[in-house]
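Here are my notes on the model, as numbered points. Please keep the sequence and the 3D view open while reading.

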Amino acid sequence: MSNNKDVIVRLIDVEKEFDGVKVVKKLNLEVREGEFLTLLGPSGCGKTTTLRMIAGFSHATSGEIELEGKNVADLKPNERDVNTVFQNYALFPHMNVEDNIAFGLVEKRVPKAEIKERVAEMIKLVQLEGMEKRKPAQMSGGQKQRVAIARALINRPKVLLLDEPLGALDLKLRKQMQLELKHLQQKLGITFIYVTHDQEEALTMSDRIAVMNDGVMEQIGTPDEVYNHPKTKFVASFVGESNILESYVEAVRGDLLRISLEAGKAVLHAPGFKKEEMIYICVRPENLQLSQTPIEHFSIRGRIIEHIFAGSVIKTVVELINGQRLRVARHPGEEELEVGTYVYVFWNPKKAIIVHTVEEQIYNIIEQNSNRMYKEFVEKYSATTEEV
Amino acid sequence: MRNRLRSSMAPITMIGPTTLWLILFLMIPLALVIGISFLTRNGFGGVLMIPSIDAYKELVSTEYLKVFASSFQLAFLTTIICLVVGYPFAYIIANSSERVKPFLVLLLMLPFWINSMIRIYGWNTILRSSGMVNNALISLGIIKFPLELLYTDGAVLLGMVYDLLPFTVLPIYTSIEKLDPSLLEAASDLGAGKVHKFVRVILPLTMPGVFAGSIQTFIPSLGLFYIADMMGGAKTMYIGNLIKNQFMSARNWPMGAALAIVLIAVTLVLMKLYTRVGSLDDMV
């Protein structure tokens, strides 16, 4: 038996062009046997195109796709050992549930008795007992989805490709199906390549996530890596909510950096940065804190402009003096801050992530802007306090 | 008050013209035909006002049954040939590139804008002894004497297929066009090659179109008389010609009317079948 580290799908420098526009650029990806890999990205990022190239519906303009170590460029979809679950289910409307599920086995000329047995087994697995004779038109979206999954899985593919399979379902059903799919995958041990634009879905289900943007794979890693250690500004903003701040390193003391932002100064914990380096820092809303009194090392000031109730947390929107808006997640028990209150924004220096370093040193521009805006802010602030 | 009046008048003003039209040009003529079929023949044209079912009695004679048989045979052959020729035709149009498609559909529709009788007359000039085909074959030295192409059963069949082909192609084209491409992808994904994809997915899903096309070809081909007249030289008798002759030359109006009634009845049964399959289509 092969171990889990075996690569089952390998993409080497794969590119795809439609009418001269590159939708997938120099994509290199290794999918390991038995893993649940998600291609995550906004619409138009090339994730579905990538999936279609693996399935064989679309041909790579350049580069190679290997399944189990073999180049599959010349293989048609029906000759590849992969199956697809389509976004719109694509069930055959003239066939009932049983016939839909049996389609692939009939093509493989599996004996009738065995087909019957395996179809029954599949129907049980996806919990569709009693619906064997129904036509797709007589089923709900969730049921159709189960048929589509069973129809693909019955062929025991090496890899199952899923193209936003839960996109058309309502939220509650989607959450339920997410877990079911995950459990199914763990039970069967089949490699899943899953395409979605829903970052929450990707985080819930995947062993690894490949985040794509504009045809480029920006990062690949476990949900924890992608969420807590995003490598690029795009990944930080697309996966989970985050506040991205542009800044430069003012001073370095060991692993502690003193940074300067347009809206003030702050500190953060990160090794390996030089003085005067440009960086983007990402702070999740749950890691931002607010205070009415000054906090040591932090001089970022802003004004509360909105509270958004979101059930377990309250999202507070703070506008900084440079106009940038930050989202802060606060719990109902915390000190109440009214809209219009001026606050200091700070964070635990270890909870801020540096997501991108910029080569050009344009810090002086930021500093100038910062100084000007700070002055304006002070003037505005003193004006309002005088009125009161 | 006025509003209520207006609302009660509205349905009448809307369906009124249609109803009037149907009464004047469908119900009354139909009633006349039914009436005439139950009257007695007047040898000098017209009818005598004496009730009779002679026409229907005569109808079951072997001679008339033969005419029915040959008509059904012709209609059946026409439909089959139209399907065999029309399906690939429709398939090619539906799968052609978006740039060429409108042009191909236009070509298909073009004949509808020219009177069918004129188009059939066109075939006459192509097929007759001194027509284009014979002239070409003779000048190429392939034959010495003109072939008898026109005024044969084959010529009638050709004319029928030519005239009715668009009626077969259009519904099939529509049903192929409606096919969800992801179903075809799913079929190949599940291991179906080209032939199986066609037999197991494309053909069954376009059957409603095939059926609609067949009906739309079969029904008119039962009644068309001028193609048999112009291209068959009236050698073989078909229902359409028979009806025409009963009124125009044989001066047996009740017979012609009775034949027409039978033809209408057959058509109605076929239409009923068609609408039933049409509603099955929604189930798919």
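1. Four bridges join β6(A) to strand β7 (residues 159-163) of chain A, and the two strands run parallel. T84(A) stands opposite L161(A) in β7(A). Keep in mind that this is a predicted model.

2. Which way do the side chains of β6(A) point? V82(A) and T84(A) point one way, N83(A) and V85(A) the other, and all are buried. Helix α4 (residues 141-153) of chain A lies across β6 and β7 of chain A. Its direction is at about 175° to β6(A).

3. Now the sheet as a whole. It is an open sheet of six strands with mixed pairing, in the order β6-β7-β8-β3-β9-β10 (chain A). β6 and β10 (216-221) of chain A stand at the edges, each with a single partner strand, so one side of each has no neighbour in the sheet. On average, neighbouring strands are turned by 20° against each other, direction ignored.

4. Next, strand β12 (residues 256-261) of chain A. Its side chains alternate. L257(A), I259(A) and L261(A) point to one face and are buried.

5. β12(A) has a partner in strand β11 (residues 243-253) of chain A. Six bridges join the two, which run antiparallel. R258(A) in β12(A) is the bridge partner of A251(A). β11(A) and β12(A) form a hairpin with two residues between them. Look at the turn: G254(A) there has a positive phi of about 65°.

6. β12(A) also pairs with strand β13 (residues 264-269) of chain A. This pairing is antiparallel too, over six bridges. L256(A) stands opposite H269(A) in β13(A). Two residues link β12(A) to β13(A) in a hairpin.

7. Some totals for chain A. The chain has nine helices and 20 strands. Buried residues make up 38% of its 388 residues. Its C-alpha trace spans about 85 × 45 × 40 Å along the principal axes. Take the contacts in chain A between residues at least 6 apart in sequence: 67% of them join residues at least 24 apart.

8. How many residues of each chain are in contact across the interface? 21 residues of chain A are in contact with 17 residues of chain B. On the chain A side, the elements that give two or more residues are β6 (82-85) and α2 (97-107). α2(A) gives the largest share, three residues. By class, the chain A side divides into nine nonpolar, seven polar and five charged residues.

9. Turn to chain B and its helix packing. Helix α7 (residues 153-178) of chain B and helix α9 (residues 194-223) of chain B pack at an angle of about 160°, with axes 8 Å apart. An angle over 145 degrees counts as roughly antiparallel, so α7(B) and α9(B) are roughly antiparallel to each other. Their crossing is right-handed. The contact of α7(B) with α9(B) has 10 nonpolar, nine polar and no charged residues. Residues on the α7(B) side include M160(B), L164(B) and F167(B). Among those on the α9(B) side are T206(B), P208(B) and V210(B).

10. Helix α8 (residues 181-189) of chain B also packs on α9(B), at an angle of about 135° and with axes 10 Å apart. That makes α8(B) oblique to α9(B). The crossing is right-handed. L183(B), L184(B), A187(B) and S188(B) of α8(B) meet K197(B), R200(B) and V201(B) of α9(B). By class, this contact has four nonpolar, one polar and two charged residues.

11. Last, a loop residue. R128(B) lies between α5 (116-127) and α6 (132-139) of chain B. Why does R128(B) count as partly exposed? It has 19 C-beta neighbours inside 10 Å, and a residue is buried at 20 or more. R128(B) and L149(B) are 21 residues apart in sequence, yet 6.5 Å apart in space, C-alpha to C-alpha.

Methods: Residues numbered from 1 in each chain as written. Chains lettered and ligands numbered in written order. Predicted model: local features only at pLDDT ≥ 70, side-chain atom pairs only at ≥ 80, totals over all residues. Axes fitted to C-alpha atoms, helices over the stretch in contact; angles between N-to-C directions. Parallel < 35°, antiparallel > 145°, perpendicular 65-115°, else oblique. Left-handed = near helix turned anticlockwise from the far one by under 90°. Contact = placed C-beta atoms within 7 Å. Nonpolar A, V, L, I, M, F, W, Y, C, P; charged D, E, K, R; others polar. Buried ≥ 20, exposed ≤ 12 C-beta atoms within 10 Å, placed from the backbone. Pairing = 2+ DSSP bridges.
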